[in-house]
Amino acid sequence: PLFVLARDPSQPGPPLAAKRLIAVQPPLEVVLTAADAMAEGRTIATAKQLTIVARYSTSGMPMASSGDLYGEARYDAGQGKPVEIVIDRTVP
């Protein structure tokens with residue numbers, strides 16, 4: 001599966017939002033909204049800066065593991081512009 005998630009780089013903890021996609025091939029467009037929130041009261045609407053991560057999981061599990069392929073990009077919520085993520089790294 002491909003996991004796409006949004007993290008607040010200034011706060012540790014679980015992602016603010018996440019989606020799990022099955023059998024997808026890039027390029028594709030993914031939209032994360034408050035409906036994709038991981039915890040009540042913590043949504044992407046509360047963050048000004050986000051780190052967006054796209055990761056193919058070799059284990060099928062949401063936690064990153066060795067061998068997963070991923071890419072990430074910074075997102076400025078104030079700009080509201082789409083970001084392009086290139087999956088070009090491997091989890092050690």
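Leu2, Val4, Ala6, Leu16, Ala17, Leu21, Leu32, Ile44, Ala47, Leu50, Ile52 and Ala54 form the largest nonpolar core, with 12 residues in all. A nonpolar core here is a set of buried Ala, Val, Leu, Ile, Met, Phe, Trp, Tyr and Cys residues joined through side-chain atoms within 4.5 Å. Two or more residues of this core come from each of β1 (2-7), β2 (17-21) and β3 (49-56). This is a predicted model, in which local features need pLDDT of at least 70 and side-chain atom pairs count only at pLDDT 80 or more, while totals for chains, interfaces and linings use all residues. Residues are numbered from 1 along each chain as its sequence is written, and side-chain values use heavy atoms, with hydrogens and water left out.

**Overall fold**

- The chain has 5 strands and 0 helices; these are DSSP runs numbered from the N terminus, with helices being H or I of at least four residues and strands E of at least two.
- The radius of gyration is 13 Å, close to the 12 Å of the globule rule for 92 residues, so the chain is as compact as a globular protein of that length. The radius is taken over C-alpha atoms, and the rule is 2.2 Å times the number of residues to the power 0.38.
- Along its principal axes, the C-alpha trace spans about 30 × 25 × 25 Å.

**Burial and contacts**

- Of the 92 residues in the chain, 30% are buried (buried is under 20% relative accessible area, exposed over 50%, partly exposed in between, with a 1.4 Å probe and protein chains only).
- Among contacts between residues at least 6 apart in sequence, 43% join residues at least 24 apart; a contact means heavy atoms within 4.5 Å.
- Beyond residues up to four places away in sequence, Ile52 touches Val4, Leu5, Ala6, Gly71, Glu72, Ala73, Tyr75, Val83 and Ile85.

**Arginine 7**

- Arg7 lies in strand β1 and counts as partly exposed, at 35% relative accessibility.
- Leaving aside neighbours within four places in sequence, Arg7 is in contact with Gly13, Pro14, Pro15, Gln49, Leu50 and Thr51.
- Arg7 and Gln49 are 42 residues apart in sequence, and their C-alpha atoms are 8.7 Å apart in space.

**The loop between β2 and β3**

- Ala23 sits in this loop and has a positive phi, near 55 degrees, in a residue other than glycine.
- With a relative accessible area of 79%, Ala23 is exposed.
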